[in-house]
Amino acid sequence: MAENCSHDCGSCSADCSSREKPDLKKKPHEMSDIRRVIAVVSGKGGVGKSMTCASLAVASQAKGYVTAVMDADITGPSIPKMFGVHERAKGDQFGIYPVVSKTGVQLMSMNLLLENEDDPVIWRGSLISGTVQQFWTDVIWTGVDYMFVDMPPGTGDVPLTLFQSIPLDGIIVVTTPQDLVGMIVSKAVKMASMMNIPILGIVENMSYLTCPDCGKKINVFGESVAEAVALEHGIPFVAKIPIDQSLTAAADRGTIEAEETNNYLVDFFDKIDGLLNEKK
Ligand code: ADP
């Protein structure tokens, strides 16, 4: 504590232990009920973050959990398309209601609010984070066991604001093999530890290709280093998703929940679920 402390942190710049840290967390809508929130992050766009988010939600829903996806990737929203949902979200005097997918996953995305889902969203960061915060504060999420948040790519301003305002139970980092050696995992680890949020796992997407003729696994981008990176940072679980044309097709057709669509993240979700249940 500073000498002659006046106990008025607002008018003092001393960095002492008694300085109160502002709690920037927002309260969810009073009619919402959300048990666990997991953020899915990546260093850049196009690595399969939305695909991972959707696959985790499908695995969770299939296990019998009430599941939701909050599409916080405002300028590149692809979640509704993957689930084949095109109608607009409805609201009333109480709030906004998520659109429910074929198997019952609750979804909210910028695309479900636009008059024309192909309209681009050209907004500045503050407006984007404000909108996502409203997905948390103004949307009525009902009895949700697991909510997966498809974060905007990168570790910039918008994800940072969201990390601070939404209470997260954990983070999942999505990368491709080439990016894994880069800085994204270290950056995500630093950001997460500053906020006291555990990184639950790494998903290495487009990890390999299975030869359609002989079934051999080909490491298109070289040997995987996912396990080594996870070990280095103390991240408990690793999953690998191959390059699979049927996934691209399912995402385009909106059949990500269909039984015939491969889901490479079922075991990975099980392990994370087990870990979170243990912690309770
Ligand atoms: P991000 O959310 O990181 O921008 P997406 O999840 O939207 O990336 O994926 C980008 C594109 O790559 C989409 O067309 C998606 O269908 C495709 N895709 C992602 N992962 C795979 C994969 N493992 N195999 C085949 N296509 C994939």
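## Pairing in the sheet

Two strands pair if DSSP finds at least two bridges between them. The model described here is predicted. E2 and E6 run parallel and are joined by three bridges. E2 also runs parallel to E7, with five bridges between them. There, Ala68 stands opposite Met147.

E2 is well covered. Five of its five residues are buried. Thr67, Val69 and Asp71 lie on one side, Ala68 and Met70 on the other, and both faces are covered.

## The whole sheet and its helices

Strands of a sheet pair through backbone hydrogen bonds, in either a parallel or an antiparallel sense. Here, eight strands make an open sheet with mixed pairing. Their order is E5-E6-E2-E7-E1-E8-E9-E12. Strand E5 (99–100) and strand E12 (237–241) are the edges, and each pairs on one side only. E1 and strand E7 (residues 144–150) are parallel partners over six bridges. Ala39 has Val149 in E7 as its bridge partner.

Helix H1 packs on this sheet. It touches E1, E2, E7, strand E8 (170–175), strand E9 (199–205) and E12. The direction of H1 makes about 170 degrees with that of E7. Helix H3 (residues 125–137) packs on the sheet as well, touching E1, E2, E6 and E7. The direction of H3 makes about 160 degrees with that of E2.

## Helix H1

H1 has 14 residues. From first C-alpha to last it reaches 20 Å, close to the 20 Å expected at 1.5 Å a residue. The helix is mostly covered, with 13 of its 14 residues buried. Just after H1, Gly64 takes a positive phi of about 100 degrees.

## The nonpolar core

Nonpolar side chains tend to be buried together in soluble globular proteins. The largest nonpolar core in this model has 80 residues. Those with the most contacts inside it are Met70, Phe83, Trp141, Met147, Phe163, Ile171 and Phe268. H1 (residues 49–62) gives the most to this core, with seven residues.

What does Met70 touch beyond four places in sequence? Its contacts include the aromatic residues Phe135, Trp136, Trp141 and Phe148. Met108, Val132, Met147, Val149, Asp150 and Ile166 are also among them.

## Ser32, before strand E1

Ser32 sits in the segment before strand E1 (34–42). Is Ser32 buried or exposed? Its relative accessible area is 15%, and the cut-off for buried is under 20%, so Ser32 counts as buried.

Beyond four places in sequence, Ser32 touches Val139, Ile140 and Trp141. A polar atom of the Ser32 side chain lies 2.9 Å from the backbone nitrogen of Trp141. Trp141 is also one of the residues with the most contacts inside the largest nonpolar core.

## Leu247, in helix H8

Leu247 belongs to helix H8 (residues 245–253). At a relative accessible area of 5%, Leu247 falls under the 20% cut-off and is therefore buried.

Which residues are in contact with Leu247, leaving aside neighbours within four places in sequence? They are Met51, Ile241, Pro242, Thr261, Asn262 and Tyr264. Leu247 and Met51 are 196 residues apart along the chain. Their C-alpha atoms are separated by 8.3 Å.

Note on methods
Residues numbered from 1 in each chain as written. Predicted model: local features only at pLDDT ≥ 70, side-chain atom pairs only at ≥ 80, totals over all residues. Heavy atoms only, no water. Helix = DSSP H or I, 4+ residues; strand = E, 2+ residues; numbered from the N terminus. Buried < 20%, exposed > 50% of the residue type's maximum accessible area, 1.4 Å probe, protein only. Polar contact = N/O pair within 3.5 Å; in protein donor to acceptor, adjacent residues only side chain to side chain. Contact = heavy atoms within 4.5 Å. Core = buried A, V, L, I, M, F, W, Y, C linked by side-chain atoms within 4.5 Å. Axes fitted to C-alpha atoms, helices over the stretch in contact; angles between N-to-C directions. Expected span 1.5 Å × (residues − 1).
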